[in-house]
Amino acid sequence: MASFRGRSIVSIRDMSQDDLIKVVCTTEDVKRGDLTGFLNGKTVATLFFEPSTRTRLSFESAVLKSGGSVFGIANPKASSQSKGESFADSIRTVSGYCDVLVIRHPVEGAARMASELTSIPVINAGDGANQHPTQTFLDLFTIKESFGRLDNLKIGMMGDLKYGRTVHSLANALAMFSNELVFISPPSLQMPGHILKELDDGNIRYRNIADLEEAGTLDLDILYVTRIQKERFGDPLEYKKVAGVYRVTQETIDALGKDIRVMHPLPRVDEIAEEVDTLPNAIYFTQAHNGIPTRQALLGLVTGGLE
Ligand code: CP
């Protein structure tokens with residue numbers, strides 16, 4: 001396993017199975033309260049060029065809880081980008097103000113580009129429809145917390161699998177363990193071919209289906225629901241064709257089986273009815289809250305405050 005110290009976290013594809021286990025185990029230690037003050041004297045910048053609630057605020061909370069300082073851009077219109085400054089110049093400048101850069105950007109590859117412009121660690125907080133690796137780490141931690149393992153699970157991923165970066169990263173990660181994946185989406189929003197090819201190359205079992213009803217026959221352990229990513233559609237009419245195509249209700253849970261766990265990276269629009277929130281099956285708010293110890297662990301590892 002490569003050391004995390006000084007390392008950028010750009011894509012799950014850059015990670016080994018040992019790396020994933022290291023982050024999950026460190027998150028367990030952080031959540032237990034065994035590790036404190038490991039960001040003392042460190043400064044983290046959060047540069048968000050796309051909207052966020054969970055990722056930005058949980059990163060900021062993670063820094064403060066670990067003894068560090070944090071500042072950032074939440075609204076790019078209030079930054080010098082609105083005066084025409086290039087992304088590259090913003091990165092070159094801000095990387096001199098901090099020890100770690102956390103970046104969300106609508107352009108795929110933006111975090112990779114930033115990591116090549118600076119010597120400090122860059123953490124990808126979501127780049128377009130490509131990857132969202134820190135979401136995947138908290139998803140893995142939540143799965144381990146619920147099931148006690150990361151393998152031998154049957155996981156359905158449902159919704160916008162074409163544009164949903166969380167499911168792209170998560171499919172890459174779950175493929176490193178022995179799991180079976182079921183992709184539930186309208187034909188126009190299927191998992192991209194390059195990810196399916198990676199699964200084929202790794203002999204990972206998966207299938208594509210369109211009907212949520214069919215998922216009821218598959219004995220899933222987890223249903224990972226995603227929002228249709230309205231902002232990524234070039235044509236609003238194409239969005240209208242698929243908006244609201246799936247909705248998880250109490251009836252859905254009954255059909256999927258009483259032990260099913262429902263996850264969602266959030267935000268949700270209407271794809272999970274609020275009546276599901278109070279069922280023991282719903283773990284999506286626990287999942288969101290696990291963003292804090294997960295991001296504490298990641299920041300501790302890349303700064304060398306944790307080993
Ligand atoms: N899951 C997630 O990335 O949420 P935000 O867009 O609110 O950060």
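In what order do the four strands of the open sheet with parallel pairing stand? The order is β2-β1-β3-β4 in this predicted model, where strands (E, at least two residues) and helices (H or I, at least four residues) are DSSP runs numbered from the N terminus, and two strands pair if DSSP finds at least two bridges between them. Residues are numbered from 1 along each chain as its sequence is written. Because the model is predicted, local features need pLDDT of at least 70 and side-chain atom pairs count only at pLDDT 80 or more, whereas totals for chains, interfaces and linings use all residues; side-chain values use heavy atoms, with hydrogens and water left out.

The edges of the four-stranded sheet are formed by β2 (69-73) and β4 (122-127), each of which pairs on one side only. Direction ignored, neighbouring strands of this sheet are turned by 15° against each other on average; axes are lines fitted to C-alpha atoms, for helices over the stretch in contact, and angles run from 0 to 180 degrees between N-to-C directions. Strand β1 (residues 43-48) runs parallel to β2 and is joined to it by five bridges, and valine 44 stands opposite valine 70 in β2. Helix α3 (residues 87-94) lies across β1, β2 and β3 (100-105), contact meaning heavy atoms within 4.5 Å. The helix α3 runs at about 160° to β3.

A further open sheet contains five strands in the order β7-β6-β5-β8-β9, also with parallel pairing. Strands β7 (205-209) and β9 (261-263) stand at the edges with a single partner strand each, so one side of each is left without a neighbour in the sheet. Strand β5 (residues 154-158) runs parallel to β8 (residues 222-225), and four bridges join the two; leucine 223 in β8 is the bridge partner of glycine 156. Helix α6 (residues 165-174) packs on the sheet and touches β5, β6 (180-184) and β8, its direction making about 165° with that of β5.

The protein is divided into domain 1 (12-132 + 291-303) and domain 2 (133-288), with bounds that come from an automatic or database domain assignment. The C-alpha centres of the two domains lie 24 Å apart. Their contact takes 32 residues from domain 1 and 29 residues from domain 2.

Grid points are joined across faces, edges and corners, and a volume is the space filled by probe spheres set on the points. The largest pocket has a volume of about 400 Å³. Its lining comprises 21 residues, of which Arg104, Arg165, Arg227, Leu266 and Pro267 lie nearest the centre of the pocket. Helices α2 (54-65) and α6 each supply at least two residues of this lining, and each of the two domains contributes at least three. By class, the pocket lining divides into four nonpolar, 10 polar and seven charged residues, where Ala, Val, Leu, Ile, Met, Phe, Trp, Tyr, Cys and Pro count as nonpolar, Asp, Glu, Lys and Arg as charged, and the others, Gly among them, as polar.

One cavity of 30 Å³ or more is present. The largest cavity has a volume of about 40 Å³ and is lined by Arg54, Thr55, Gln135, Leu138, Pro265, Gln287, Ala288 and Arg295. Helices α2, α5 (133-147) and α11 (284-289) each provide at least two residues of the cavity lining, which draws at least three residues from each of domain 1 and domain 2. Three of the cavity-lining residues are nonpolar, three polar and two charged.

The peptide bond from leucine 266 to proline 267 is cis, with omega near 5°, and proline 267 is placed in the loop between β9 and α11. Asparagine 152, in the loop between α5 and β5, has a phi near 55°, a positive value in a residue other than glycine. Aspartate 219 likewise has a positive phi, of about 60°, although it is not a glycine; this aspartate lies in the loop between α8 (212-215) and β8.

Technical notes: On a 1 Å grid over the protein atoms alone, a cavity is a set of points where a 1.4 Å probe fits but cannot get out, and a pocket is an open set with protein on both sides within 12 Å along at least five of seven lines; lining residues have an atom within 4 Å of a point.
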